[in-house]
Amino acid sequence: MSSEPLAPNTGPAPRRRAGISRSDKIGALFVLPGQLLMVFIVLFPALVAVYIGFTEWTPINGTTFWHAYKNWHWFSGYTEAFGSGEFWSAVWRTVLITVVCTFVEAVLGFTLAMLLVKDFPGRGLVMVYFLLPMMVVPAVSGFIFQMLFQVDGPINGLLSFIWPGDVTLQWLSDPSLAIWGVMIADIWQWTPLMFLIFLSGLVALPEDQMNAARILGAGFWPQFTRLIIPMMRPILLIAVIIRAMEIFKLFDPIIIMTQGGPGTATQNLSVYFYRLTSVSGRWGYACAVALLVLIALSIAAKQAIKPIERAQNESLEELMGAGAEDVPAERIEDAIDAGARA
Amino acid sequence: MKKVLRIASISVFALFFGFPLYWVATMSVKPKVEENPPGIVVWHPESPTLTNFKDVLGINNANDNPFATTDFSALTPLKNSFLAAGGGTLLALLVGIFAAYGIARFRAGGAQLPFQILQLRMFPPAAVVIPLYFMFVYLHLWNTLEGLIIIYGAITFPFVVWLMRSFFQDVPREISEAAIVDGCTQWGAFFKAVLPQVKGGLAATALFVFILNWSDFLIVLVMTQDKWTTAPLFLSTMSGGSGGQEYGHQAALAVLLILPPAILGLSIQKYLVRGLTFGAIKR
């Protein structure tokens, strides 16, 4: 057990007595089923993956995975991955999709949240309207955009209204366009999540500070950059982490819209794994590559979880207060000064 | 002027986010000829019909129903979806609630355990299912409902732990201590005193997990075949007798797939932010 407390204020800890206390035992009982489930679904498969990763095993010729050692080849799977152009291009594509989508979703979501933060009649309904895309099953959103992006489909149809002549873009079969098609589908579906998270932050902005700045004549832009953004920072961070980590895993819409194609134009890591096993039948190699990615991710995950953990122990107001901790007094004055100068 | 600009920008957003849903909804009531005619775009259904829904649900036994002849309507996949998602949700809750309480109340498993649990959600399922696939084949869990339920439960378990932990942390410690003073055991205190305090959060967590499981495509793609196909996978494999796209039928099933999560999701609107951020932002 680690002695270093990662969460400094998780509420009062149970008093420690010498040896194993009764409450420790009960606590252990509470988490036991969960730990067993994790062993079954994570630890066990992980060990199997390590084993298979050292072999060039495939189930296609009928050997069970126990006998994979017959095709033992040590680290050649790993060295092959490091030298494989297809692997690295899948990595970069995953990073590209993650960065672009997270950024666009954050910007659009923030803009929409700013537009809807002030109350007006019917705001509740408008909110629901904008939340709907998020409720759509991702595979279904892939299907919807597959329809929309047909050459004879409505997106080209709409573009034909504003562009002279008939627009006949091959959205999903042109290698340079397909990746944008996939990203547009993700942006459509998940901007609402960013919007919702940001809106709940904006609504909780401390009114008196905002009012003080406004009354004293701070314009919109100084208010925005010096008050709103710093206070929203912890929330922005959490939203971006959560979205980035989901987009990294993106699979369903891609498979439905393009199957990773044309060629490998939309093949991110998830699709690459899937194709390695179900198309190429290279299970041993797939295990090696998967382990490489999982090791890299578990290092990243550790950093990514920290802000979420920290936030769990605080209320929204405390969270935003922490974001503005070193800000308040001078920043407000700055904002006001800037407003007065303008 | 400012107001006009604001309303105009909101309208642009509304168009972008609404149009895909408009398209799938209208597509589901379009007759075959209006689905995807070459060279023209049918912006709104000229003669709306419910045939697509009837076909997909196997109610319509007319000769032109492509799913009547194959004796395989979307009914079975929809039923499978409910069973697998429901079962997975029960398993995740059963295991997750206790773990969450153990972590929140007793810090069981040490400070690292919550991290390890959430880490699971960061791994791409596409990588995790590779060893699971042949493990499940070996254990005869592949293409079974039990197998699906175990994986769904395990994949959404971290989510339950983190969300429920945030709800348990809101419950003052004194509540369970008072129950123990009154003669309850730790278990009794948990069931009688603590659990009733988090009813709302528990219901929201359950619905969340159900939606997550309902939305799965990857697991069912790798882990099942024909018999236990769920609706999202069925949707992607649907094609007519001629092998062409079946937009109308697919859209009808798409609408049926969207409805449960949309209704459930909106009914827990109050907890959406909290759920979507693993309990980090309490709203």
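This text walks through a predicted model of two chains, from the overall fold down to one residue.

Residues are numbered from 1 along each chain as its sequence is written, and chains are lettered from A, with ligands numbered from 1, in the order in which they are written. Because the model is predicted, local features need pLDDT of at least 70 and side-chain atom pairs count only at pLDDT 80 or more, while totals for chains, interfaces and linings use all residues.

Start with chain A. It holds 14 helices and zero strands. Helices here are DSSP runs of H or I with at least four residues, strands are E runs of at least two, and both are numbered from the N terminus. Chain A has 342 residues, and 43% of them count as buried. Buried means that 20 or more other C-beta atoms lie within 10 Å of the residue's own; exposed means 12 or fewer, and partly exposed is in between, with C-beta atoms placed from the backbone.

Chain B has 15 helices and zero strands. Of its 283 residues, 53% are buried. Its C-alpha trace spans about 75 × 65 × 35 Å along the principal axes. Take contacts in chain B between residues at least 6 apart in sequence: 70% of them join residues at least 24 apart. For chain A the corresponding share is 74%. Two residues are in contact if their C-beta atoms, placed from the backbone, lie within 7 Å.

Chain B is assigned two domains: domain 1 covers 2–49 and domain 2 covers 75–276. Such bounds come from an automatic or database domain assignment. The C-alpha centres of the two domains of chain B are 33 Å apart. Eight residues of domain 1 of chain B touch seven residues of domain 2 of chain B. On the domain 1 side, helix 1 (2–28) and helix 2 (32–35) of chain B each give two or more residues. Helix 1 of chain B gives the largest share, four residues. By class, this side has three nonpolar, two polar and three charged residues. Ala, Val, Leu, Ile, Met, Phe, Trp, Tyr, Cys and Pro count as nonpolar; Asp, Glu, Lys and Arg as charged; the others, Gly among them, as polar.

Now the chain interface. Here 82 residues of chain B are in contact with 89 residues of chain A. Several helices of chain B supply at least two residues each, including helix 5 (75–106), helix 8 (145–170) and helix 14 (247–267). Helix 1 of chain B again has the largest share, with twelve residues. The chain B side counts 58 nonpolar, 19 polar and five charged residues.

A kink of about 40 degrees lies at B:G18, shortly before the proline B:P20. The bend is the angle between axes fitted to the seven residues ending there and the seven starting there. In this helix B:F17, B:P20, B:L21, B:V24, B:M27 and B:S28 are buried. Their cover includes helix 7 (175–203) of chain A and helix 14 of chain B.

Where does B:A251 sit? B:A251 lies in helix 14 of chain B. Why does B:A251 count as buried? It does so because 27 C-beta neighbours fall inside 10 Å. Beyond neighbours within four places in sequence, B:A251 is in contact with B:V24, B:M27, B:S28 and B:N52. B:V56 is 195 residues away from B:A251 in sequence, yet 9.9 Å away in space, C-alpha to C-alpha.
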